[in-house]
Amino acid sequence: MDIDQNEVKELIATIKGEKQAQKDKEARDSWTKFVSLTLVCLAVLTAIATLKGGGFTTRTLKALNEATFQQTLASDEWNLYQAKSIKQKLYEFQLETLGNPADPAVEARTKKLKEKITEYKQEQADSMKKAKEHEKKRDEARAIADAIAALGSDMGMAITFFQVSVALGGICLIVKKKWLWFASLGLGAFAAFKMLTVLNAVI
């Protein structure tokens, strides 16, 4: 009977020791709960940054399409300008090759040719003006595309730092090293700062 009581006492002591060890381990690792919460927050921020980054890509492509469209319109106007210039030169050549200016028929023809030359000069001036306006819009669209692409690049950097911080946090949960958590927090904070800087630049 004494042996059974001793075994029971040993068993109870062992169970108490295991429970205490488990409590001590939980107390030592209680900080890992905060790591998990941090990882959730970082994952949400990564998703937001990725969504915004995709928006920058779309806006860049839209601005580049606008620049291409304006370049096409400018090219059309310059082609029209060249066509009018050729026609003007033809009329000027005809004017130079007319016969006696005292002849009434020649005088009437001269008047018509001069009117046509004046008309083509005006149309050339209009085409040049329109072409330059389209080129100005093209340059503005390109500048917008460049600015948005730069913001998109900065957002891409923020996304990369968010992903690395999440990976460090995951490794931290496995190896239970606090310094990895602090490194994850530091990278996450830098990424959040970068993302907010980009978003403020857009606003």
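This report describes the helices of a predicted protein model, their packing and several individual residues.

## Basis of the model

The model is predicted: local features need pLDDT of at least 70, side-chain atom pairs count only at pLDDT 80 or more, and totals for chains, interfaces and linings use all residues. Residues are numbered from 1 along each chain as its sequence is written, and side-chain values use heavy atoms, with hydrogens and water left out.

## Overall architecture

The protein chain contains 4 helices and 0 strands, and from the N terminus its elements follow the order α-α-α-α. Helices (H or I, at least four residues) and strands (E, at least two) are DSSP runs, numbered from the N terminus.

Of the 203 residues in the protein chain, 26% are buried. Buried means under 20% relative accessible area, exposed means over 50%, and partly exposed lies in between (1.4 Å probe, protein chains only). The accessible surface of the chain is about 13,800 Å², and carbon and sulfur atoms contribute 63% of it; such areas come from the Shrake-Rupley method with a 1.4 Å probe, and for residues only the protein chains shown count as cover. Among the contacts in the chain with a separation of 6 or more, 81% are between residues 24 or more positions apart. Contact means heavy atoms within 4.5 Å.

## Packing of H2 with H3

The axes of H2 and H3 are 5 Å apart, and the two helices pack at an angle of about 165 degrees. That angle makes H2 roughly antiparallel to H3. Axes are lines fitted to C-alpha atoms, for helices over the stretch in contact, and angles run from 0 to 180 degrees between N-to-C directions. Angles under 35 degrees count as roughly parallel, over 145 as roughly antiparallel, 65 to 115 as roughly perpendicular and the rest as oblique.

H2 and H3 cross in a left-handed sense, and their contact comprises 34 nonpolar, 20 polar and 18 charged residues. A crossing is left-handed if the near helix is turned anticlockwise from the far one by less than a right angle, and right-handed if clockwise. For the classes, Ala, Val, Leu, Ile, Met, Phe, Trp, Tyr, Cys and Pro count as nonpolar, Asp, Glu, Lys and Arg as charged, and the others, Gly among them, as polar.

His 134 lies in H3 and counts as buried, with 16% relative accessibility. Leaving aside residues up to four places away in sequence, His 134 touches Gln 70, Leu 73, Ala 74 and Glu 77. The C-alpha atoms of His 134 and Ala 74 are separated by 5.2 Å, although the two residues are 60 apart along the chain.

Gly 53, in helix H2, is also buried, at 14% relative accessibility. Its C-alpha atom is 9.9 Å from that of Met 157, a residue 104 positions away along the chain.

## Packing of H4

Helix H4 (residues 178-202) and helix H2 (residues 32-96) have axes that come within 10 Å and cross at roughly 30 degrees. H2 and H4 are therefore roughly parallel to each other, and H2 passes H4 in a left-handed crossing. By class, this contact has 13 nonpolar, 3 polar and 2 charged residues. Among the residues that meet are Phe 34, Leu 42, Lys 52 and Arg 59 in H2, and Trp 181, Gly 188 and Met 195 in H4.

H4 also packs with H3, at an angle of about 160 degrees and with the axes 8 Å apart. H3 and H4 are therefore roughly antiparallel. Their crossing is left-handed, and the contact divides into 23 nonpolar, 4 polar and 2 charged residues. Within H4, Ala 183 is partly exposed, with a relative accessible area of 28%.

## Loops between the helices

Leu 98 occupies the loop between H2 and H3 and is partly exposed, at 26% relative accessibility. Not counting residues up to four places away in sequence, Leu 98 touches Val 106, Arg 109, Thr 110 and Leu 113. The C-alpha atoms of Leu 98 and Thr 110, which are 12 residues apart along the chain, are separated by 7.7 Å.

Lys 176 lies in the loop between helix H3 (104-175) and H4 and is partly exposed, at 36% relative accessibility. The phi of Lys 176 is near 60 degrees, a positive value in a residue other than glycine. Most residues other than glycine have a negative phi.
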